[in-house]
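Colleague: I am new to this structure and would like a close look at a single part, the open sheet, together with the pockets around it. Please take me through it slowly.

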Amino acid sequence: REIKIDAEATFYDLHQAILSSCHYADNVPTSFFICNQEWEQEQEILLEDMGTSRSDEDLYLMKKTRLNELLEDEKQKLLYVFDPLSERVFFIELSEIITGKDLDNAICSRKAGEAPKQTLDFDEMMANNGGNLDLDENFYGDQDFDMEDFDPEGFDMGSGSAADPYEQDNY
């Protein structure tokens, strides 16, 4: 999706534009994260105050935070958590800042493909896979994981003696 939105709009306005462009319901506690260039989360912008933040942290709420307060540079990266239970996100990048142009409403100017389902139904996934929910390394998106990099010597695996409850044959 490509969404054009005014810099004075709030993160809530962007949230609504994303929901509309993906045909999602507005019944999931979503959030945005401002990220660095490596997509590491830095600042969270919440849909609602859930009372879980520490008092020494700045609390940003979507309805009260304007985009231009936290987004200043082209290529700025954000995550939009649209399914917090399954930790599924959209990766967003600010592609262009156009000065001197005001927009009354956010506009989805380009769509490609179908948006993923808003939430995953694990019962449905189990039924479709014959009761076997195979969560391989690609489920979480970590295709770079290599079992050869795993160092079993870094963990006390025991010597395999009878006194050791973690004998090799037991697992």
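Modeller: What follows describes the sheet, then the helix on it, and then the pockets.

This is a predicted model, in which local features need pLDDT of at least 70 and side-chain atom pairs count only at pLDDT 80 or more, while totals for chains, interfaces and linings use all residues. Residues are numbered from 1 along each chain as its sequence is written, and side-chain values use heavy atoms, with hydrogens and water left out.

The protein chain has 3 helices and 7 strands, where helices (H or I, at least four residues) and strands (E, at least two) are DSSP runs numbered from the N terminus. Along the sequence these follow the pattern β-α-β-β-β-α-β-β-β-α.

The open sheet has 5 strands in the order β4-β3-β2-β5-β6, and its pairing is mixed; two strands pair if DSSP finds at least two bridges between them. At the edges are β4 (60-61) and β6 (88-93), each of which pairs on one side only. Within β5, V81 is the bridge partner of S31. Helix α1 (residues 11-22) packs on this sheet and touches β2, β3 (41-46), β5 and β6, with its direction at about 110 degrees to that of β2. Here a contact means heavy atoms within 4.5 Å, and angles run from 0 to 180 degrees between N-to-C directions, with axes fitted to C-alpha atoms, for helices over the stretch in contact.

A pocket is, on a 1 Å grid over the protein atoms alone, an open set of points where a 1.4 Å probe fits, with protein on both sides within 12 Å along at least five of seven lines, and its lining residues have an atom within 4 Å of a point. The largest pocket has a volume of about 1000 Å³, a volume being the space filled by probe spheres set on grid points that are joined across faces, edges and corners. Its lining comprises 32 residues, and I3, K4, I5, L94 and S95 lie nearest its centre. Two or more lining residues come from each of β1 (2-4), α1, α2 (67-70) and β6.
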